[in-house]
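Biologist: Hi! Could you open the model and walk me through its side-chain contacts?
Modeller: Happy to, here it comes.

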Amino acid sequence: MGLGKLLPYAAVLDFYGRGLCISGGRVNLPGGAKAEAAWEDLVGASPASPASFVPRLLAKDKGWLIAYFDVLSRASGIQQAYFTKPASAAALLRGLRAPDPSALATRSFYRPAPALLLLVTRLQLESSGEPLVPGISKSGEKFSRAQF
């Protein structure tokens with residue numbers, strides 16, 4: 001791409017560019033190869049084509065998509081897998097954005113929507129990859145208070 005083409009995205013890269021990496025001619029994705037279809041749908045370009053993927057990732061949704069990418073790059077593998085399921089990645093992104101999605105993702109000195117980072121990185125998942133809900137066993141049965 002060249003630095004000149006990245007200049008308009010300087011603020012977004014400063015806030016969220018930490019996890020953005022290209023290796024072997026492909027963008028390294030949170031969620032790995034299994035998440036490629038989800039990222040391609042979200043970005044509108046193939047991660048195998050960094051010259052088109054990266055600018056779209058940086059420009060889309062006023063910076064919120066790269067914010068999501070950055071948050072997921074900080075999460076564990078099981079959390080990445082959960083948040084990049086092809087069938088639900090777009091819905092999760094919509095649900096986890098800041099309260100005002102029309103605002104720029106780089107509007108202040110501090111990370112907007114810090115709860116997104118906390119939620120994604122602290123969400124506990126069962127071995128099945130589903131969220132761990134206190135009070136519910138893996139089989140879906142409720143625990144009684146006596147069991148605690």
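Modeller: One term before we start: buried means under 20% relative accessible area, exposed means over 50%, and partly exposed is in between (1.4 Å probe, protein chains only).

Biologist: Thanks! And the ground rules for the model?
Modeller: This is a predicted model, so local features need pLDDT of at least 70 and side-chain atom pairs count only at pLDDT 80 or more, while totals for chains, interfaces and linings use all residues. Residues are numbered from 1 along each chain as its sequence is written, and side-chain values use heavy atoms, with hydrogens and water left out.

Biologist: Let's begin with helix H3. Which of its residues are buried?
Modeller: Ala38, Trp39, Leu42 and Val43 are the buried residues of H3, which covers residues 36-43. They sit on the same side of H3, because their arc around the axis is only 115°. That arc is taken from the directions from the helix axis to the C-beta atoms.

Biologist: How do you assign helices and strands?
Modeller: They are DSSP runs, numbered from the N terminus: H or I with at least four residues for helices, E with at least two for strands.

Biologist: What follows H3?
Modeller: Gly44 does, and its phi is positive, near 90°.

Biologist: Are Trp39 and Tyr68 buried or exposed?
Modeller: Both Trp39 and Tyr68 are buried.

Biologist: Why is the pair of Trp39 and Phe69 called edge-to-face?
Modeller: The ring planes of Trp39 and Phe69 are at 65°, so the pair is edge-to-face, with the centres 5.0 Å apart. It also links distant parts of the chain: Trp39 in helix H3 and Phe69 in helix H5 are 30 residues apart. Phe69 has a relative accessible area of 0%, so it is buried. Trp39 counts as buried too, at 0% relative accessibility.

Biologist: Which residues do the ring pairs link into a cluster?
Modeller: The cluster holds Trp39, Tyr68 and Phe69.

Biologist: Nice. Now charges: how many salt bridges are there?
Modeller: The count comes to three, where a salt bridge is a side-chain nitrogen of Lys or Arg within 4 Å of a carboxyl oxygen of Asp or Glu.
Modeller: Arg26 and Glu36 form one of them, at 2.5 Å from N to O. This pair links distant parts of the chain, with Arg26 in strand S2 (residues 26-27) and Glu36 in helix H3, ten residues apart. Arg26 is partly exposed because its relative accessibility is 32%, and Glu36 is partly exposed at 21%.

Biologist: And Asp70, what does its side chain meet?
Modeller: Asp70 meets the side chain of Arg74 in a salt bridge, 3.1 Å from N to O. Asp70 counts as buried at 0% relative accessibility, whereas Arg74 is partly exposed at 34%.

Biologist: What about Glu130 and Lys85?
Modeller: Their side chains meet in a salt bridge as well, 3.0 Å from N to O. Glu130 lies in the segment after helix H8 (114-122) and Lys85 in the loop between helix H6 (77-83) and helix H7 (89-96), so the pair links distant parts of the chain, 45 residues apart. Glu130 is partly exposed with a relative accessible area of 38%, and Lys85 is partly exposed with 30%.

Key:
Phe/Tyr/Trp six-rings, centres within 6.5 Å; stacked < 30°, edge-to-face > 60°.
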